[in-house]
Amino acid sequence: MSKQDTPNTPTDIGQWGDTHIAPGQRGDVSITVSESYAGMDIRIPIHVRRAKQPGPTVFVTAAVHGDEINGTGAIRELIVDGVFTLTRGALVLVPVVNVLGFERHSRYLPDRRDLNRSFPGSPTGSLASRLAHAVFTQVVKRCDYGIDLHTAAVRRTNFPNVRANLKNKALADFARAFGTELIISGKAPKGSLRRAACEHGCPTLILEAGEVWKVEPTVVEYATRGVRNCLIHLGMVDGQPTEPAYVLEADKTQWVRAQHGGFLAFHVGPGDTVEKDEPIATNTSLLGHEHNTITAPRDGVVLGMTTLPSVAPGDPICHLAYAKKGSLKKIERARHNLPEESLHQRTHDQLGTNVLVSDAGEDESGEN
Ligand SMILES: [Zn+2]
């Protein structure tokens, strides 16, 4: 264990082992999180940026699931391209948290545990638990707010949405400041970075956007815009925040599932609105003769969907965020008025390039 990684919780945001970052400076540091099978230290790189003026400290983390690298691309943009000037406080940017999963293009750690179910971790626990503990102690505990960047799981895509427990006032304000159209309220799973950080008193949201194994330009734009918006909200960056096209705060979401095996033709894409009973996909036989239509159980917005068209009974097809009664029309109007070049529309088009979206055609009988 190097001197940098004393088990005591560091409180000085400027002191990272032997490296000191003074107010007004930025610098690269790293923390040791594990050791390889060959006995070498495994470290994760971190970029720390401090404003001259004191203020809140915010972390932005990515790839807690090692294959979810859209956020890694967004953090690279934040480091390399600047995006904004920090006027108060400090920013801690961690492009890859689960470095062992990242090395294998895998969500999981080599011990097959999920790092995002292992926080806050323990210095004497499993591999996952120790890695979690190192990150929690060295990063989360130094911070006042957190943003953790995720994507959908493998074979699925998510329209950019923020998840946060809106019952927590400071967190609700922070989540709304991020500026996505879709906000899903709820407690995070036990052992997740978000939940452990919130329980520690560091309000933390996650962004769920795009797919694994990709850095998608519109997702990067949503993420960097959101970070900037949040920092403006906290008084750490000057300027005007970018407003979302509309806001849907859902506390209920549901995966619509296939009832039969077959091959899907989609009728909606990520971010589309759907009315109750509207066709989401037609499930056909391979030769296309037999088919059944899968419809929306309620009014909602397509939060996520499968990108794999072959399905078996029970396979998830489409993740809907349910809109409050009567609010869908307002959302549809807001979307209708959006220019083609708006981020929302570009994201809708880009994330939809991986699924063939067609009209429901002559069969809209909804027979199943
Ligand atoms: Zn994830």
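This passage describes the fold of one protein chain, from its overall form down to single residues.

The model is predicted: local features need pLDDT of at least 70, side-chain atom pairs count only at pLDDT 80 or more, and totals for chains, interfaces and linings use all residues. Residues are numbered from 1 along each chain as its sequence is written.

The protein chain holds eight helices and 19 strands. Helices (H or I, at least four residues) and strands (E, at least two) are DSSP runs, numbered from the N terminus. The C-alpha trace spans about 70 × 50 × 35 Å along its principal axes. The radius of gyration, taken over C-alpha atoms, is compared with a globule rule of 2.2 Å times the number of residues to the power 0.38. A compact globule of 368 residues would come near 21 Å, and the protein chain agrees, with 21 Å. Buried residues make up 48% of the 368 residues. A residue is buried if 20 or more other C-beta atoms lie within 10 Å of its own, exposed if 12 or fewer, and partly exposed in between; C-beta atoms are placed from the backbone. Two residues are in contact if their C-beta atoms, placed from the backbone, lie within 7 Å. Among contacts with a separation of 6 or more, 68% join residues 24 or more positions apart.

The protein chain is divided into domain 1 (3–233) and domain 2 (252–354). These bounds come from an automatic or database domain assignment. The domain centres, taken over C-alpha atoms, are separated by 30 Å. The contact between the domains takes 18 residues from domain 1 and 19 residues from domain 2. On the side of domain 1 that touches domain 2, β8, β9 and α6 each supply at least two residues. The largest share, six residues, comes from β8. This side of domain 1 has seven nonpolar, five polar and six charged residues. Here Ala, Val, Leu, Ile, Met, Phe, Trp, Tyr, Cys and Pro count as nonpolar, Asp, Glu, Lys and Arg as charged, and the others, Gly among them, as polar.

In soluble globular proteins, nonpolar side chains tend to be buried together. A nonpolar core is a set of buried Ala, Val, Leu, Ile, Met, Phe, Trp, Tyr and Cys residues joined through C-beta atoms within 7 Å. The largest nonpolar core has 100 residues, of which Val92, Ile317 and Leu320 touch the most other members. Helix α6 gives this core its largest share, seven residues. At least three residues of this core come from each of domain 1 and domain 2. Leaving aside neighbours within four places in sequence, the contacts of Ile317 include Val256, Leu264, Ile280, Ile294 and Val311.

Strands of a sheet pair through backbone hydrogen bonds, either parallel or antiparallel. Two strands pair if DSSP finds at least two bridges between them. Strands β3 (residues 26–35) and β4 (residues 41–50) are antiparallel and share nine bridges. Within this pair, Asp28 stands opposite His47. Five residues lie between the two strands of this hairpin, where Gly39 takes a positive phi near 85°. Strand β4 is also joined to β6 (residues 88–94), antiparallel, by four bridges. There, Arg49 has Leu91 as its bridge partner.

A further open sheet has four strands in the order β16-β15-β13-β18, with antiparallel pairing. Strands β16 and β18 (310–311) stand at the edges with a single partner strand each, so one side of each is left without a neighbour in the sheet. Inside this sheet, four bridges join β13 (residues 262–266) to β15 (residues 279–284). Leu264 stands opposite Asn283 in β15. Asn292 lies in strand β16 (residues 291–295). Asn292 is partly exposed, with 19 other C-beta atoms within 10 Å.

Helix α4 (residues 169–178) has five named buried positions: Leu171, Phe174, Ala175, Arg176 and Phe178. The buried residues of α4 pack against elements including β7 (145–150), β9 (182–185) and α5 (193–199). Gly179 follows α4, with a positive phi near 95°.

Most residues other than glycine have a negative phi, and most peptide bonds are trans. Arg112 has a positive phi near 70°. This residue sits in the loop between α2 and α3, and is exposed, with 9 other C-beta atoms within 10 Å. Pro120 is in the loop between α2 (99–103) and α3 (127–138). The peptide bond from Phe119 to Pro120 is cis, with omega near 0°. Trp213, in the loop between β10 and α6, has a positive phi near 60°. Trp213 is exposed, with 12 other C-beta atoms within 10 Å.
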